[in-house]
Amino acid sequence: MVANTLPIIDISFFLDPSATADARNKTATAINSACEEFGFFYLTGHGIPTTTLDEIISLARQFFALQLPDKNKIKRYEAGSQEGGDGARGYQGMGENVTGGRRDMHEAVDLYREWDHSKNEQEEDNSMTGRYATLQGPNLWPDQPSNLKPTYLAYIEQLKAVGKALVRAMGVALDLPPPTPKAEKAMEDSEVFVRNTDHSFWVMRLIGYPKLDTPFAKDANETEFSCGEHTDYGCVTLLLTDPTPGALQVLLKDGTTWLNANPVPGAFVVNIGDMIERWTNGLWLSTRHRVIHRGDGYRVSVPFFYEPNFDAVVKPLASCVERSGKPPIHHGNTYGEHLMGKVFSNFYS
Ligand SMILES: N=C(N)NCCCC[C@H](N)C(=O)O
Ligand SMILES: O=C(O)CCC(=O)C(=O)O
Ligand SMILES: [Fe+2]
């Protein structure tokens, strides 16, 4: 039997400092099941008011409703270009994004953690030229609607706290029930996600999806997908969407069934990314998903990707390698290297 709905996880005990270990362990157990079975779940108890969530969607919708020249004021340009682009941040027009080599039918604004220019010794010196290496430029914020930037900045701070609680809970979940005789090592592992995300190189996307107008067909053309089938790159994605049903689809473990992850009011849709799959040596898979919007209206979503630090070295955890009974699935590299590879293949230029 194939389950037809995603589990709901209440994260509140990991946000409440006075919660008991017992209460947290129950949450962690539920997270472990959700991550083993789906890699996707709904998240409640995050404490962000529905009025804030509605405002975030509404502001993104207002931005996408602007005329193209206004949106292009914050256009993404190639890294190193004289326009000052960094190849990643800014507004991306319809069809500019690519997944699996095909154009996605959406427009988007990408925001990232601001680059720490004081820390990175390998960066090129662009102070004289005004040109930026990949990902090293400043965020490009729209000036209209005028309250978008302050509202989003406050929201990002809230999301970072939720992301932190979630990865802490996942660390606990991996240790429960104590499956490994090497308890000491496991204790250490449980903090790995938190330690490697303390300067999370987060990403936030504002995405606008027009209704697809091509009929669904197996041999469909490039405009079949609002966002093609993919996995996310890092730790956990906290996805906020408008109420449009039937758009986001999640591939179940059988490898063939697509489940609609319809929005639940007030809840985030959460999924785990490639770095969690790697750390857990595949105990928790970074689940494939896609967006096909053939419903009504112009769909808006705002995913927040809570990711490892840019320079975090990610390789399978010893306790997970042992429990999985498989050789390590990766030799290890930095999250930044993984992300760069993705950024370079994500755009039509
Ligand atoms: N950080 C993330 N996950 N961004 C969204 C990724 C959408 C798929 C992407 N075009 C790809 O081909 O991977
Ligand atoms: O818009 C959505 O529902 C999901 C978008 C997504 O999967 C992504 O941006 O990585
Ligand atoms: Fe995604």
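This is a predicted model: local features need pLDDT of at least 70, side-chain atom pairs count only at pLDDT 80 or more; totals for chains, interfaces and linings use all residues.
Let me begin with the helix pair. Helix H2, covering residues 21-37, packs against helix H5, covering residues 148-174, at an angle of about 85°, and the two axes lie 8 Å apart. An angle from 65 to 115 degrees counts as roughly perpendicular, and so H2 is roughly perpendicular to H5. On the H2 side the residues taking part are Asn25, Ala28, Ile31, Asn32 and Cys35, and they meet Leu166, Ala169, Met170, Val172 and Ala173 of H5. Sorted by class, this contact between H2 and H5 comprises eight nonpolar residues and two polar ones, with no charged residues.

I turn now to the largest pocket, whose volume is about 610 Å³. It is lined by 36 residues, and those closest to its centre are Arg205, Cys227, His230, Asp232 and Tyr233. Among the elements that give two or more residues to this lining are strand S7 (203-209), strand S8 (227-230), strand S14 (299-306) and helix H10. By class, the lining holds 15 nonpolar, twelve polar and nine charged residues.

Helix H10, residues 335-344, is also where histidine 338 sits. Is histidine 338 buried or exposed? Its relative accessible area is 18%, and because buried means under 20%, histidine 338 counts as buried. If we leave aside the neighbours within four places in sequence, histidine 338 is in contact with Tyr233, Asp274, Met275 and Arg278. Of these contacts, Tyr233 has already come up, as one of the residues closest to the centre of the largest pocket.

Note on methods: Residues are numbered from 1 along each chain as its sequence is written. Chains are lettered from A and ligands numbered from 1 in the order in which they are written. Side-chain values use heavy atoms; hydrogens and water are left out. Axes are lines fitted to C-alpha atoms, for helices over the stretch in contact, and angles run from 0 to 180 degrees between N-to-C directions. Helices (H or I, at least four residues) and strands (E, at least two) are DSSP runs, numbered from the N terminus. Angles under 35 degrees count as roughly parallel, over 145 as roughly antiparallel, 65 to 115 as roughly perpendicular and the rest as oblique. Contact means heavy atoms within 4.5 Å. Ala, Val, Leu, Ile, Met, Phe, Trp, Tyr, Cys and Pro count as nonpolar, Asp, Glu, Lys and Arg as charged, and the others, Gly among them, as polar. Buried means under 20% relative accessible area, exposed over 50%, partly exposed in between (1.4 Å probe, protein chains only). On a 1 Å grid over the protein atoms alone, a cavity is a set of points where a 1.4 Å probe fits but cannot get out, and a pocket is an open set with protein on both sides within 12 Å along at least five of seven lines; lining residues have an atom within 4 Å of a point. Grid points are joined across faces, edges and corners, and a volume is the space filled by probe spheres set on the points.
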